[in-house]
Amino acid sequence: MLLNLLILFASFFDTTGAASSRKDSLIDWNSTRKLNWEDFKGQPDGSSVNAALTSTNINIDYTFNSEGFKYKIRCQFDPLKSWGRIRNDYILSHEQAHFDIAEIHARLLHKALKDYKFNSHTANKDIGDIYQKLMNDHHKMQEAYDDETNYSRNETRQHAWQTRIAEILSALDEYAQYK
């Protein structure tokens, strides 16, 4: 029997997941397509002091039977839930880095699933556990990024983080083909 499960996860900025009506507006992460301010279509949260907010999703769709499993991962930006109050190149690069951190974790998820020793009796739990661990790590890295850069205000730390993110993405390049 084939089982099919779609797990939606929105980054720590948005834990509600992408509504089906929004699926067509989601933007896949792509190394050659960087975010621009026209992508940020949401309304700023009046109670937030943030300059901008980036909403991302890491999704996994998988099937399995007694023989093995297949999966597809997507790392996406949600324009309708993302907004910018202060729109300049510096803030945009900070927001792009949030999307890039999500991509790091999509690649790490792909790596973990490739390394997974399939067991049809425990696959749902195993895959769910792998996913949850990576999403917890994702949350922690997103929070550390904002904390250490003081939400981009610390330019030295911002530059250091952007270098670190680029290096991690490069190191995980072999896991970029997860779709």
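Helix α1 passes helix α2 in a right-handed crossing, a term for the case in which the near helix is turned clockwise from the far one by less than a right angle. This is a predicted model, in which local features need pLDDT of at least 70 and side-chain atom pairs count only at pLDDT 80 or more, while totals for chains, interfaces and linings use all residues. Residues are numbered from 1 along each chain as its sequence is written, and side-chain values use heavy atoms, with hydrogens and water left out.

The axes of α1 (residues 89-115) and α2 (residues 123-149) come within 10 Å and cross at roughly 155 degrees, where axes are lines fitted to C-alpha atoms over the stretch in contact and angles run from 0 to 180 degrees between N-to-C directions. The two helices, each a DSSP run of H or I with at least four residues, numbered from the N terminus, are therefore roughly antiparallel to each other, the word used for angles over 145 degrees.

Where they meet, with contact meaning heavy atoms within 4.5 Å, the residues of α1 include His94, Ile101 and Leu108, and those of α2 include Ile127, Leu134 and Met141. The residues of this contact of α1 with α2 divide into 14 nonpolar, 7 polar and 2 charged. Beyond the end of α2 comes Asn150, whose phi is positive, near 50 degrees.

Helix α1 also packs with helix α3 (residues 155-171), at an angle of about 35 degrees and with their axes 10 Å apart. Among the residues that meet here are Tyr90 and Arg107 in α1, and Trp161 and Ile165 in α3.

How values were computed. Parallel < 35°, antiparallel > 145°, perpendicular 65-115°, else oblique. Nonpolar A, V, L, I, M, F, W, Y, C, P; charged D, E, K, R; others polar.
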